[in-house]
Amino acid sequence: MPDDVVTMDKIVSLCKRRGIIFPASEIYGGIANTYDYGHYGVLLKRNVVDAWWQAMIGDRDDIVALDSAIIQHPRTWEASGHLAGFTDPLVDCRTCGQRFRADHLDAEHDVRCPRKPSVLPGQGPDCNLTEAREFNLMFETTIGPVQEAGSTVYLRPETAQGIFLDFKTVLGFARRKPPFGIAQVGKSFRNEITPGNFIFRTLEFEQMEMEFFVPPDDAHRWYLHWLEARMDWYERLGIRGDHLRLRAHEQDELSHYSSATSDVEYLYPIGWQELEGIANRGNFDLTQHAQHSGEKLEYFDQQSGERYVPHVIEPAAGVGRATLALLCDAYDEDEIGGEARTVLKLHPQMAPVKVAVLPLVRKDGQPELAHEVRNLLRRRMQTEYDEGGSIGRRYRRQDEIGTPWCVTIDHQSLEDRTVTVRDRDTLTQDRVAIDELPDVLAGKLEAPWISPKLVVED
Ligand code: GAP
């Protein structure tokens with residue numbers, strides 16, 4: 001692993017220390033692959049989702065938004081192929097009772113037997129693995145108060161199917177014709193057995209998916225368009241280009257619905273891994289749902305008289321994986337005045353808090369003026385007020401959560417209504433008039449940005 005890749009332990013420890021992301025149900029000992037987001041985690045995740053909506057519906061006119069149900073008619077999953085084919089091969093160990101993915105037993109995945117000696121499952125003296133069995137990843141539940149009499153339904157394993165089910169309805173009111181897209185953000189659920197790589201693979205996770213419906217002959221062109229657009233998006237979030245790559249799937253890796261897929265991959269602490277998948281799904285989904293429901297799911301072009309089932313290009317991203325990539329890419333450690341500092345060098349637009357307002361001392365009218373400044377800024381950007389501890393400690397606290405600017409109120413501020421603006425990355429401190437502060441900071445927030453880690457590495 002290159003030495004500019006942070007370890008997962010450091011990310012997990014920072015996230016826990018600052019309440020960004022931490023294990024769920026902790027008072028009961030936690031629950032596998034399930035995490036909660038605290039205050040700064042929520043703000044960071046919201047910035048990711050907002051940036052995605054901006055790229056999908058703010059910057060373009062050819063995509064509309066949707067929020068479909070998590071529990072859909074159970075026949076959805078018959079038609080989509082998930083009931084029959086959305087499975088992982090699993091083996092159980094009769095000795096230790098652990099369950100492993102049969103396709104993850106090799107050294108590359110580094111899954112370990114929980115007993116001593118620490119070896120790959122199946123290689124210890126007492127290991128006794130069953131044959132592999134296919135295990136469906138969908139969570140099943142029941143509608144109705146009595147389990148036996150109720151009908152079985154599933155928590156959606158992807159948001160995409162809700163979009164296909166609503167294709168006809170949306171086409172009816174959105175006043176759009178192919179090429180056009182339907183975008184959705186929401187939770188999906190998969191009963192994953194994994195070695196616990198923090199939030200990389202979790203049981204419930206948020207997806208940002210967009211199904212782009214196009215005339216069949218244009219599908220490949222649009223596939224190429226979305227590969228480029230999605231790579232650009234991650235770079236615009238500030239992720240270093242040399243830690244991102246596109247990888248085309250081999251023929252034998254393709255999902256049942258796909259004629260071509262490429263993954264945007266990020267160099268996580270666990271190696272190059274999928275951040276987002278971009279697939280050419282052809283007309284598989286609309287055709288399947290048309291057959292299973294009896295509804296015509298096609299487009300009739302009144303001008304040309306042509307009738308066709310649109311093909312679909314799908315960029316499908318995970319909010320958690322994008323958040324984790326941002327955290328890993330921004331994490332840095334340096335030294336200021338001989339003291340170690342942990343800092344998140346996040347793109348200012350992604351930072352959970354944009355500006356912290358800090359009175360130098362808790363007296364002499366400084367807190368009052370600091371509150372005034374805070375109130376001036378809070379409508380323009382996410383702001384935090386902090387008066388607890390030495391100024392150095394307060395700077396360190398903000399560095400750890402990636403706050404790009406700290407505004408300090410000192411004795412001079414009371415005399416001439418100016419403050420200092422400290423920059424997280426350059427550590428410069430500039431004096432700015434309070435009246436001009438909102439515009440100065442808003443200008444900095446909008447300015448072009450590249451990762452300072454990239455600049456230093458160069
Ligand atoms: N509709 C296509 C689809 O769901 P996918 O590659 O299975 O494709 C898309 O999922 C994205 O959702 C992934 O690239 C990843 O970012 C995220 N994702 C999938 N499973 C996940 C899990 N168990 N935990 C966290 N994120 C996950």
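**Entry 1: Asp301**

I started with Asp301, which sits in strand 14 (residues 299-301). For bookkeeping, helices (H or I, at least four residues) and strands (E, at least two) are DSSP runs, numbered from the N terminus. Before going on, I noted that this is a predicted model, where local features need pLDDT of at least 70 and side-chain atom pairs count only at pLDDT 80 or more, while totals for chains, interfaces and linings use all residues. Residues are numbered from 1 along each chain as its sequence is written, and side-chain values use heavy atoms, with hydrogens and water left out.

Is Asp301 buried or exposed? I have it as buried, because its relative accessible area is 13%; buried means under 20%, exposed over 50%, and partly exposed in between (1.4 Å probe, protein chains only). Its side chain reaches the backbone nitrogen of Gln303 at 3.0 Å. I call that a polar contact, meaning a pair of N or O atoms within 3.5 Å; within protein, one must be able to donate a hydrogen and the other to accept it, and residues adjacent in sequence count only if both atoms are side-chain atoms.

**Entry 2: the ligand**

Next I looked up what surrounds the ligand. There are 21 residues around it, and Glu158, Arg190, Glu192, Glu209 and Glu274 come nearest. Here a residue is near if one of its heavy atoms lies within 4 Å.

I sorted the shell by class and got seven nonpolar, four polar and 10 charged residues. In that sorting Ala, Val, Leu, Ile, Met, Phe, Trp, Tyr, Cys and Pro count as nonpolar, Asp, Glu, Lys and Arg as charged, and the others, Gly among them, as polar.

Then I went through side-chain contacts. Gln207 puts a polar side-chain atom 3.0 Å from an oxygen atom of the ligand. For Glu192, a side-chain N or O atom is 2.8 Å from a ligand nitrogen. With Glu209, a polar side-chain atom lies 2.4 Å from a nitrogen atom of the ligand.

How much of the ligand does the protein bury? The ligand taken alone exposes 550 Å², and the protein buries 91% of that; areas are by the Shrake-Rupley method with a 1.4 Å probe, and for residues only the protein chains shown count as cover. Strand 10 (204-214), strand 13 (271-282) and strand 16 (311-318) are the elements that give two or more residues to the shell. Strand 13 gives the most, with five residues.

**Entry 3: helix 7**

I checked the length of helix 7 (residues 219-236). Its 18 residues reach 26 Å from first C-alpha to last, close to the 26 Å expected at 1.5 Å a residue; the expected span is 1.5 Å times one less than the number of residues. Its buried residues include Trp222, Trp226, Arg230 and Trp233. After the helix comes Gly238, with a positive phi near 100°.

I wanted to know how covered strand 22 (residues 418-423) is. Six of its six residues are buried. On one side those are Thr418, Thr420 and Arg422, and on the other Val419, Val421 and Asp423.

Strand 22 pairs antiparallel with strand 21 (residues 405-409) over four bridges; two strands pair if DSSP finds at least two bridges between them. In that pairing, Asp423 is the bridge partner of Trp405. Strand 22 also pairs antiparallel with strand 23 (residues 429-433), over five bridges, and Val421 stands opposite Asp430. These two strands form a hairpin with five residues between them, and Leu427 in the turn has a positive phi of about 65°.

Two residues sit between them, and Gly337 in the turn has a positive phi of about 55°.

Most residues other than glycine have a negative phi, and most peptide bonds are trans, so I kept a list of exceptions.

- Lys116 and Pro117 are joined by a cis peptide bond with omega about -5°.
- Pro178 to Pro179 is cis, with omega near 5°; Pro179 lies in the loop between helix 6 (167-173) and strand 9 (180-189).
- Asp364 has a positive phi of about 60° and is exposed, at 56% relative accessible area.
- Arg417 has a positive phi of about 50°, lies in the loop between helix 12 (411-416) and strand 22, and is partly exposed at 35%.
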